[in-house]
Amino acid sequence: MGSRAAGGEQPQDDGVSEAVGEEPRRLTRDQLFTVVATASINFSSMICFSILGPFFPSEAEKKGASNTIVGLIFGCFALFNFLTSLILGNYLSQIGAKFIFVAGMFVSGCVTILFGMLDKVPSGPMFIGFCFLVRAMDATGFAAAITASFSILAKAFPTNIATVLGSLEIFTGLGLVLGPPLGGFLYQSFGYEVPFITLGCIVLALVPVNICILPKYDSSPRKESFWKLILLPKVLILCLSIFSLSACLGFLDPTMSLFILKKFKLPAGYVGLVFLGLALSYSLSSPLLGLVSDKLPYIRKWLLISGDLMTAVCFFMLGPAPVLHIESQLWMFVLVLVLIGFSLGMSAMPLFPEILQCAYENGFEEGLSLLGLVSGLFNAMWSLGAFVGPVLGGFLNEELGFEWAAAIQGGWPLLSGLATGIFYIIEAIRKSSSSSLQNAPDFDNEERTRLMGNET
C-alpha cells in the first residue's frame with residue numbers, strides 16, 4: 001500500500017519482479033496480464049449487471065412482481081454475493097486465486113444466458129422463484145471472480161493498489177456506462193432474451209483467454225483470523241462506510257428507472273442514457289482519486305469523510321426531498337447523479353488500502369491469505385449494502401415515493417461520515433496524548449538539570 005511503502009518494510013516479491021521499496025517504472029509481463037484479466041472481469045460483470053436497469057423492473061412488474069419483490073430480486077444477488085465473499089475470502093489461498101477467478105467468470109457467463117430465458121417462465125410465483133434462483137447463482141460466480149481479482153491485484157501491486165484499483169474502475173464505469181443504453185437498445189430492437197444471451201456469450205469467450213494469460217500467484221497457506229480483523233474498531237468503521245456507499249448505489253437499481261419513466265416520460269432506450277451521469281463521473285474520477293490516495297495517504301481520512309457527507313447531501317437532492325419544495329427537473333437529476341458518482345469515488349478509493357494498513361498495524365502477516373481475507377471482507381460488506389439498498393429502497397419507494405426514499409437512503413452515508421469523522425478525531429487525540437506522555441520524561445530531566453545548575 002502507499003502508506004506501507006512510506007513507513008513500513010515491504011515483503012519480498014512472490015512472482016512480481018519489483019524491487020523492494022521501489023515504484024516500478026514499467027509494468028512487468030505478469031502485471032500487465034493481471035491488469036488485462038481483472039479489467040475483463042470488471043467490465044464484463046458490470047455490463048451484465050447494469051443491463052437490467054432500464055427494462056427489467058418494468059418487465060418484472062408485467063410478470064406480477066411488485067416494487068418490493070423487484071427490490072428483493074436485486075437484493076438476493078447481493079445477499080449470496082455477501083455469503084460467497086466471506087467463505088472464499090477465508091479459503092482463497094488454499095483453493096487458489098486463479099482457479100476461483102476463472103471458475104467464477106464461467107459461472108457468471110452461463111447464468112447470464114439463463115437469465116435471458118426467464119421470460120419463458122409463467123408469470124407469478126414461478127417467475128419470481130426462478131428470478132431468485134438465477135440471481136443467487138449469478139451472485140456466486142460474480143463474488144468468486146471479484147474476490148479473487150482483488151487479492152490478485154493486491155499481490156501483484158503491493159505498493160500502489162489504490163492507484164491500480166482506481167484505474168481499473170474505468171472499466172467498471174465503462175461497463176456501467178454501456179450496460180444501460182446497450183441493454184435498452186437490444187431490448188427494444190430484439191426483445192428480452194437477446195441482451196442476456198449476447199453478453200453471456202462474450203463473458204464465456206473471455207474465460208479461455210484469462211486461463212491463458214492470468215499469472216498464478218501462490219503463497220504458503222496461513223490461517224488469518226477473520227474475527228480478529230473485523231472486530232478492530234477502525235475496520236468496523238470502514239465496513240460501515242463500505243456498506244453505506246453500496247446501499248445507496250444499490251437503491252438506484254430497482255427504483256431509478258421507474259422514477260425516470262414516470263416523472264420524465266422517457267422511453268426505455270433513453271433511460272439508459274440518464275445512468276451515464278453517475279457511471280461516467282465515477283469511472284473518470286476514480287483513477288485520479290486512487291492516485292491521490294496512494295501518493296498522499298494522510299488525506300485518505302478527509303476523502304472518506306467528505307465523500308460520505310457529499311453523498312448524503314446528493315441523495316437528499318436527488319428527488320429532491322419534498323421538504324425542499326423544489327420541482328424535479330431532468331437536468332438537475334442528471335447533475336446530482338454526476339456529483340454522486342464523484343463522491344462515491346472519493347469514499348470508495350481509500351477504503352481498501354486503509355483496511356490493509358490497519359491490518360498491518362495490528363500484526364497481520366503479509367501474504368495472499370490476508371489479501372484474500374481483506375478482499376472477501378470488502379466484497380462481503382459491499383454485498384450486504386447492495387442487499388439492504390434495493391430491498392429497503394423498493395419498500396420505501398412503494399410506500400413513500402422515490403423522493404422520500406432517496407432522502408432516507410442518504411442517511412446511511414451521513415451516519416458513516418459522522419462516525420468516521422468522530423473516530424479519526426478520537427484517534428488523533430489519542431496519538432497526541434501518547435506523544436505528550438512519551439516526551440514528558442525528557443522535559444522532567446531537562447527541568448531537573450536546570451534546577452541543579454541554579455543550585456551550584
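The buried residues of helix α15 are L351, F352, P353, E354, I355, L356, Q357, C358, A359 and Y360, where buried means under 20% relative accessible area with a 1.4 Å probe and protein chains only, and helices are DSSP runs of H or I with at least four residues, numbered from the N terminus. The helix spans residues 351–361 and is mostly covered, with 10 of its 11 residues buried, and it is followed by G363, whose phi is positive, near 90°. This is a predicted model, in which local features need pLDDT of at least 70 and side-chain atom pairs count only at pLDDT 80 or more, whereas totals for chains, interfaces and linings use all residues. Residues are numbered from 1 along each chain as its sequence is written, and side-chain values use heavy atoms, with hydrogens and water left out.

The next element to consider is a helix pair. The axes of α13 (residues 300–318) and α14 (residues 330–348) come within 8 Å and cross at roughly 160°, the axes being lines fitted to C-alpha atoms over the stretch in contact and the angles running from 0 to 180 degrees between N-to-C directions. The two helices are therefore roughly antiparallel to each other, a term for angles over 145 degrees. Among the residues that meet across this pair are L303, L304 and L318 in α13 and F333, L337 and I340 in α14. The residues of this contact divide into 15 nonpolar, 5 polar and 1 charged, with Ala, Val, Leu, Ile, Met, Phe, Trp, Tyr, Cys and Pro counted as nonpolar, Asp, Glu, Lys and Arg as charged, and the others, Gly among them, as polar.

Two serines complete the picture. S293 lies in helix α12 (residues 276–295) and counts as buried because its relative accessibility is 0%; S293 touches A162, R300, M349, P350 and P353, not counting residues up to four places away in sequence. S85, in helix α4 (residues 67–95), likewise counts as buried at 0% relative accessibility.

Key: Buried means under 20% relative accessible area, exposed over 50%, partly exposed in between (1.4 Å probe, protein chains only). Contact means heavy atoms within 4.5 Å. Angles under 35 degrees count as roughly parallel, over 145 as roughly antiparallel, 65 to 115 as roughly perpendicular and the rest as oblique.
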